[in-house]
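The following exercises are to be worked through in order. Each task is followed by a solution in steps.

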Amino acid sequence: CSCCTFFLFLFFMFSVSGPVSGFNIDTSSPKTFENNADWFGYKVVQFNENSIIVSAPLEKDSNGQRNGNIYSCNYLSQQGCRKINLPPNNEKTGWSMGLSLATDPTNSKLLACGPTYSHECGKNMYLNGVCFQVDNRYQLLSVSVSTAECSSAGIDIVFLVDGSGSVDGNDFVKMKDFMKNIIRKFIDRNTQENAKAFCRCTKSHKLSKQTCTTTSLTRFVSNVISFTCLLYLLYLLFIFSESVFVPSQGARSDAVKVLITVTDGQSNDRRVTFSEAIAAADRKKIIRYAIGVGDAFHDYNAKQELATIASSPDTEYVFQVNNFDALNGIQDQIQEKIFTIEGTQQSSLLSSFQLEMSEGGFSALFRDVSRIQRMSLLELSLYPQNPPPPIKNKSCTCFSGYSFQTAKRGGNLFYVVGAPRFQHRGKVIIFSKKRNGWQRTAEVEGAQIGSYFGAELCTVDLDKDQHSDLILIGVPMYHDEGVGGIVKVCTLNSLGTLSCGDELRGEKGHPFARFGASIAEIKDLNGDGFSDVAVGAPMENDQQGTVYIFHGRKRGVLMTYSQKIEGTQVSPGIKYFGQSIQGSMDITQDGITDLAVGAFGKALVLRSRPVLDVETQIRFNPETIPVAQLECSNSDSKNTVNSQVTICFTIKKRTQDNIRDLSASLTYSLQLDAIRTKKRATFENNNENINGTFTVHVENKCVDHVALVLVCIEDSFTPIRMDLTFSLSGNPIASANNLRPILNKDSRTQLTGLVQFEKDCGPDNICEDHLKLSFNFSSFQTLVVGSSPVLNLTVSFENLGEDSYNTKVIFFHPSSLSYRRVTMLQSYKNRKISIRCNPSISLDDDATRTCPCDINHPVFRSKSKILFIATFDVSADKPWQDTLRIQANSTSDNTKQIKSDRAHQEDIPVQFAVDITATKVEESTRYINFSSKEEKMKKPVVHTYKVENLHQRRLPVNVTFSFPVKIGSTLVWSASDVTARTVGECRFVKETPGNPGSLVQELKRKPTLDCKTAVCRVIQCSMGLLNTSQPLYFDIKGDVSSNWIKQTKQTKLSLASSASLEYDQNKYVHIYPDKDKFLNAKVETDIEIFEEYNYIPIIIGSSVGGLALLALITAVLYKVGFFKRQYKNMLDGAHE
């Protein structure tokens, strides 16, 4: 059966996935029923106290028909499953019994349906479905067959074809072939046909009675001829309506009247208007199909004429093809539409064709004890009476009725119908029964193509108030990253509208899991009073299958599953575990709902485990630890303070079961101060943790331990923390086939207890501290920024009152300071007191920062006093004021405080370290000379100075230049100004007179011409802010004359200029103590006077003397014979 194959194909596409976590569905010992019948386990329902019903819809009978069967499997029996006897199938094809199963709310009736049950009508075979209802003893109560009888009313069909000259002979033959093929489709049906070619010269024919053979019918059509004439379509439509569909022409009064018009162009008719022709056809209730052939109908007016000729809507009754060859392509569509209208004039809701192909019983359920509801697969068909309207779609592929549920809300009954192939995305429709019939109240469409939105539906009554709180919509073919299927969680209100938001998902990493292929409401599993949900995933883990359990809550379902049951956990080698699920009954009769799950060839019953709640409590004796006993001086032993710890476990049953003799093994672990690195307490085993295990029943059980608190601990304020962790493992229950109880997964398995330290606060138990704070800047009188890297505060802090808790000293300082360290100097009575400072992290532009320091956290004892130094780094590149103010405040958690001495502040002047220098530049003129005989000579002299800031801070600087220009009234140096090469504005200040009267004496003592003896010109240059590492250059230029030199009576002397740097010395401090040599510079040019000599007499005398000497030497050589010939002869002899 091809339809059965289709069902199984759909099943293979559905499945789920998720993480393995165990809660109270027992997977260790399931009851498994196996059978070799084809697709045994496809559907499972719980029925009749101890049984489940399992279907095998493709099991073959003795004739090889896939009729299918249903089986009753008793949980208490060892005999396996028993086939339920149903009436035999006498038809030619199988009915796939058990593709849908349903039980009534009292579990006293069972409904089993085979939607592929078929019957013949003429030469056609139709699938209608059959359902059997049996009682709890499996006796047949009723049979419901949704077979529609073959139509007896009949159809009168008239073909009105274009016989004008616009259709050539070959195309006219193709048009007649098209008519013949349509007629053959109705050869065995109660149908009459007539064919008429239309133009001005048309003659009428009577309707042909369909009692003739196929040969005679085709011969009848062949006799239709074409004409060369005008196209009078409207006139003929009017005439046919008035004179052809009448009894005198062979028409039957109770038959459906169908007119099929085929034309290739617009009408030339003006005798009859459109409205007259259409009105005539409507009076006779003629259903009109219009087929336009060719390019003429690309024109808008031609299209409109075609739409007017046809019945409404034109989308159903108008066809357009490009040529006459394409007529064969629309034959099946014409046939289907005629089937649809055949015999349906009594109902506007359902068509005969839809009913004949409906596969009734594809989904089924009991709305109440008295009524059975069954749903068909294709267009919606609800039996036995008054179905909701069908989903209107151009094709019957939306699978409306694939899933079906009823819901009740606010006293109203709703039908929820799934159409998973609607527009390839799927749709779920809500119907409500009103006085005037069924009404759609809501529709929800899927978002993803091919996702099968609505393939599975489940209504959930969370609180068992007989109202449906949720509608769960399976979307098993949904795909996302690592996700294969989802379940949409929707809420239903009393008006029948849906609100969908949350989604249930399985474990990621299973893209083909088909999560949502099966969904079931399960009666309360975990004892919280709310129904739970099971979602099947038959193809997860390589088609082995998985079932997920989701717990219900007050207004929905928890999005995180509580348990994942893999098929391999319950039966190795299983396939498609979770293809069907039900959990509405307690099959094992222990008071807890059990889960029935179908798989390929198997059906399993999984028991629910009793759930235990455990409440824990930690008590301490004494409730507080005496602090006085922890003082180092008061103890002789390290373990002097004992605290008894009592842990109590109260075990209660959460599930309302009837199982007795529950027991479990409880294992616990205690740990002291788990998050601390320094030990403050131990147990009697000298460790900070201790473990234990014992057996518990439904009871209250306590256990005692002793905690030993160490002395001399730093922190005797923060409570000692005790962490309890426990686990519970159920023991086998003999009376319940070794079922084990389990701890509620929502139980708190971790608990923290705090042992408080006693507060030494006097008889009123209220600590009143009196904190006194003061500080100074140690040895600092002024803070020099850039020279002093740190600033030290000497802080005195004491508590004159009772113990102070969580005591802090908080420093408030500008952002130019940052905390570095704290150094303890002295503590009262040498008590060990700790100080920990945690400077706040703030933005760079924050004006003020805080630095809180914990003083002996957590308790600063009464009468304690400390002296410490707080050191802060000084940032030279941050902005500063002229005065630094630091404030300090002390705080505590004490509710009662004396606040008079808690705060203190100090101011200190601020100066800034600088390093500026003025130096001479080597390119200055170092030496010139003059002749003593020349009195009016001039030579250029340049003195160049460099001013530079070598530190980090900019500052405003002036430089003053002094240089000699005259002696008395005699000009020495023509320099009149100072030239700044880059930055600086220079101005004349004054001239200094010098002391020309003592000129000679001063130059003898020190041959330097400067401002002491000469008239000097004073120039001051302002540079604004002198930037760092950007030297400035200044030049003093002029000509030095020689006419003043005789006054000095010196032959060698120096011409000296000077430069001096000036700045605000109240604000800035030079980094070097001997700053003058860096702030002042001098450039000197050496001047020399030389005498000029007459060298001619010396030259002549030297020449004469030389000649006389030469003559003398020559005479001596002659006298000694140097020039005689014998010497020459000696030379010649030597050569020989």
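A polar contact is a pair of N or O atoms within 3.5 Å; within protein, one atom must be able to donate a hydrogen and the other to accept it, and residues adjacent in sequence count only if both atoms are side-chain atoms. The model is predicted: local features need pLDDT of at least 70, side-chain atom pairs count only at pLDDT 80 or more, and totals for chains, interfaces and linings use all residues. Residues are numbered from 1 along each chain as its sequence is written, and side-chain values use heavy atoms, with hydrogens and water left out.

**Exercise 1. Thr116**

Task: Locate Thr116 in the chain, and state which backbone oxygen its side chain reaches at 3.1 Å.

Solution. 
Step 1. Helices (H or I, at least four residues) and strands (E, at least two) are DSSP runs, numbered from the N terminus. Thr116 belongs to the loop that runs between strand S7 (109-114) and strand S8 (118-121).
Step 2. The backbone oxygen of Trp95 is reached by the side chain of Thr116 at 3.1 Å. A polar atom of the Thr116 side chain also lies 3.0 Å from the backbone oxygen of Gly94.
Step 3. Buried means under 20% relative accessible area, exposed over 50%, and partly exposed in between (1.4 Å probe, protein chains only). Thr116 has a relative accessible area of 0%, so Thr116 is buried.

**Exercise 2. Disulfides and their handedness**

Task: State how many disulfides the structure holds. Then determine whether the disulfide of Cys73 and Cys81 is right-handed or left-handed, and do likewise for that of Cys1011 and Cys1016.

Solution. 
Step 1. A disulfide is a covalent bond between the sulfur atoms of two cysteines. The criterion applied here is a pair of cysteine sulfur atoms within 2.5 Å. The structure holds 7 disulfides.
Step 2. Cys73 is joined to Cys81, with an S to S distance of 1.9 Å. The torsion about this S-S bond is about 110°, so the disulfide of Cys73 and Cys81 is right-handed. Cys73 is buried at 1% relative accessible area, whereas Cys81 is partly exposed at 21%.
Step 3. The sulfur atoms of Cys1011 and Cys1016 are 2.0 Å apart and form a disulfide. Here the torsion is about -110°, so the disulfide is left-handed. Cys1011 counts as partly exposed, at 27% relative accessibility, while Cys1016 is buried at 0%.
Step 4. Cys851 is in no disulfide; the nearest cysteine sulfur, that of Cys853, is 4.2 Å away. Cys851 has 0% relative accessibility, so Cys851 counts as buried.

**Exercise 3. The pair Cys837 and Cys853**

Task: Identify the strands that hold Cys837 and Cys853, and decide whether these cysteines are buried or exposed.

Solution. 
Step 1. A disulfide is formed by Cys837 and Cys853, with 1.9 Å between the sulfur atoms. The torsion about the S-S bond is about 105°, so this disulfide is right-handed.
Step 2. Cys837 is in strand S53 (residues 835-837) and Cys853 in strand S54 (residues 848-855); the pair is 16 residues apart and links distant parts of the chain.
Step 3. Both Cys837 and Cys853 are buried.

**Exercise 4. Backbone geometry**

Task: Name the residue joined to Pro313 by a cis peptide bond, and state the value that phi of Gln423 is near.

Solution. 
Step 1. Ser312 is joined to Pro313 by a cis peptide bond, with omega about 0°. Pro313 is in the loop between helix H6 (300-309) and helix H7 (314-317).
Step 2. Phi of Gln423 is near 50°, a positive value in a residue other than glycine. Gln423 lies in the loop from strand S21 (412-419) to strand S22 (427-434), and counts as partly exposed at 44% relative accessibility.
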